[in-house]
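Me: Please show me the model, and then let us go through it with some questions.

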Amino acid sequence: MPYPYTPPDYYLLDELLSDEHKIIRSAVRDWVDRSVMPVIEEAAQNHEFPLRFIRELGELGAFGPFIPEKYGGAGMDHIAYGVIMTELERGDSAIRSAASVQTSLVMYPIYTFGSEEQKRKYLPKLASGELIGCFGLTEPNHGSDPGSMETRIRDMGDHYLLNGAKMWITNSPIADIAVVWAKDDDGKVRGLIAEKGMKGFSAPETRNKWSLRASVTGELVFDNVKIPKENILPGIKGLKGPLMCLNSARYGIAWGAVGAATDCYNTALQYSLERKQFDQPIASFQLQQKKLAEALTEITKAQLLVWRLGVLKNQGKATPAQISMAKRNNVEMALKVARETRQILGAMGITGDFPMMRHMMNLESVITYEGTHDVHLLITGADITGINAFGIKAKNR
Amino acid sequence: MKILVCISNVPDTTTKIKLTADQSAVDLANVQWIINPWDELALTRALELKETSGGKIEKVTVMTVGTQSAEPTMRKALAIGADDAIRVNAEPQDAYFTAQQIAHALKDEHYDIILCGIESSDYNGSAMGNMLSEFMELPAVSSVSNIEIDGDQVKVNREIPGGYEVVEPELPFVAVVQKGIAKEPRIPSMRGIMMARRKPLKVVEPAEAEALTEFVRYEPPKPKAACKMVDADNVEELVELLHNEAKII
């Protein structure tokens, strides 16, 4: 860790957080400082996810913070969830991704759509990190258009038969369970819980990524997998189910991206005050100040955006389109901040001694997953015009 | 058996300290507050002792002298695992004042072990713990780097030059602890933070007490003087500068 982490709070947003939110923030920040920062660069370089993070995130309570205590969560509000995501992504998008998936894409659907039995069986173990979960929606032929998914479940009387393949699945190779979305005999999208060890279920790893290198990514392959009927999520039918999960995850990403950006900004500001050229700190040059001032402006706007979104989410008023706008804006902001602040460090900025390149490469995934940058713009476009521009088929729906 | 841990509410150690315009006080605007690092380690050790005591230690209480603004720090101590908290509602002035307030608030309470950090990271006065033992008329052990409970006996390691001595103080006693007391402070879990909401935090009004010291003025350290470089081969110039300019030889 080259510099102490003192993130900017230019508009005194701390005054809008409760004391509890600040305790949450300092706890997660301390964990990141102690557990993540000493090893994350090496983990990313080696393309490895340190598995101990799962147990430690569970002990910290970063899995399912808004899930009620009786199911192993902490019963916190959505701003607390956002604050946790920001601190984790300051460490690395891989760590935030692990917590996002477990919380928003696995625990959230089981809590929201699951039976009481499913909640009791899975949620406490997912909260503690004893079980790792993953989420299967995207397919090799269907990314932005999940409604055309090919994965199917066939009713066999006393069980379902699952066939199909999912791709780009965070944590699939190490997961114990997968929340999978598949179409039933009526063509309706259903959610189900597949368990590792079920015959015909495999999860090969996707290697050679240039991004999220400290995160495990893979596929889910289902070849006539027998799914007991009690593993179907009873509370939802249709594409709305996975989209509600994505909403929760995108909300967390909008907060998380701020952490990656503030890590880059904090590093560049301190470096620019120390590094001298022409006998003066490079921070004294206008072109460096421009980069820093613009980065801080964009970070401050992003902080305000997610804080307001958090208030709306706590009130149950945050719309999917508002969440799309924040996810899109904040991830692009973070990516630009990473690129610009990398330049302030000159050649040093490309080394693993500083975090910019790692964040920048990670953010290329973050700007693509959970709805691509383009798709989020179309969501806003559809919201303001009332006209869906996703494609001819979508238009005619 | 009960343990009390005295907690000081101090600025985060990464805070850039600024002074007010007249230099009569520290500008506390936008300062993040934390548990004094020595006190946080003392709390960690107290919780370790409780957890391994097989029920013998019934509770760990944290206590501070501070205004309402110190409550988040106390809530954090509760989130880390303390069972309850006491806050004496007064602005701490100096060690004498603070020790008097704690002694007064504990007049009708009984704790077997009272832990105080050896100093606080704001003013580093290193006086409160020993003053407290004097006011409470209790034995004190200073520079404590370990505490073990063995049956009814408490064994305390006290750092001395070249090693440590093992002391078996009579209970109750005050232990003034230093950094080796616990490996690293505990990080509160999210569930701990939520549980802290429901734990008791008692506020007691301060006693009549005086401070014996007064902060008159603060001065930031002078900026470092420019460094003069001397060629490694030029010993004569070095000696000349040390003799005539630095006047140290």
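Me: Is Glu137(B) buried or exposed?
Reply: This is a predicted model, in which local features need pLDDT of at least 70, side-chain atom pairs count only at pLDDT 80 or more, and totals for chains, interfaces and linings use all residues. Residues are numbered from 1 along each chain as its sequence is written, chains are lettered from A and ligands numbered from 1 in the order in which they are written, and side-chain values use heavy atoms, with hydrogens and water left out. With buried meaning under 20% relative accessible area, exposed over 50% and partly exposed in between (1.4 Å probe, protein chains only), the 72% of Glu137(B) makes this residue exposed.

Me: Where is Glu137(B) found, and what is its phi near?
Reply: Glu137(B) is found in the loop between helix H4 (128-136) and strand S7 (140-150) of chain B, where helices (H or I, at least four residues) and strands (E, at least two) are DSSP runs numbered from the N terminus. The phi of Glu137(B) is positive although the residue is other than glycine, with a value near 55 degrees.

Me: Is Glu370(A) buried or exposed?
Reply: Glu370(A) lies in the loop between helix H10 (356-366) and helix H11 (373-385) of chain A, and its phi is near 60 degrees, a positive value in a residue other than glycine. The relative accessibility of Glu370(A) is 15%, so this residue counts as buried.

Me: What is the radius of gyration of chain A?
Reply: Chain A has twelve helices and nine strands. The globule rule (2.2 Å times the number of residues to the power 0.38, with the radius taken over C-alpha atoms) gives 21 Å for 397 residues, and chain A comes close to that, so it is as compact as a globular protein of that length, with a radius of gyration of 21 Å.
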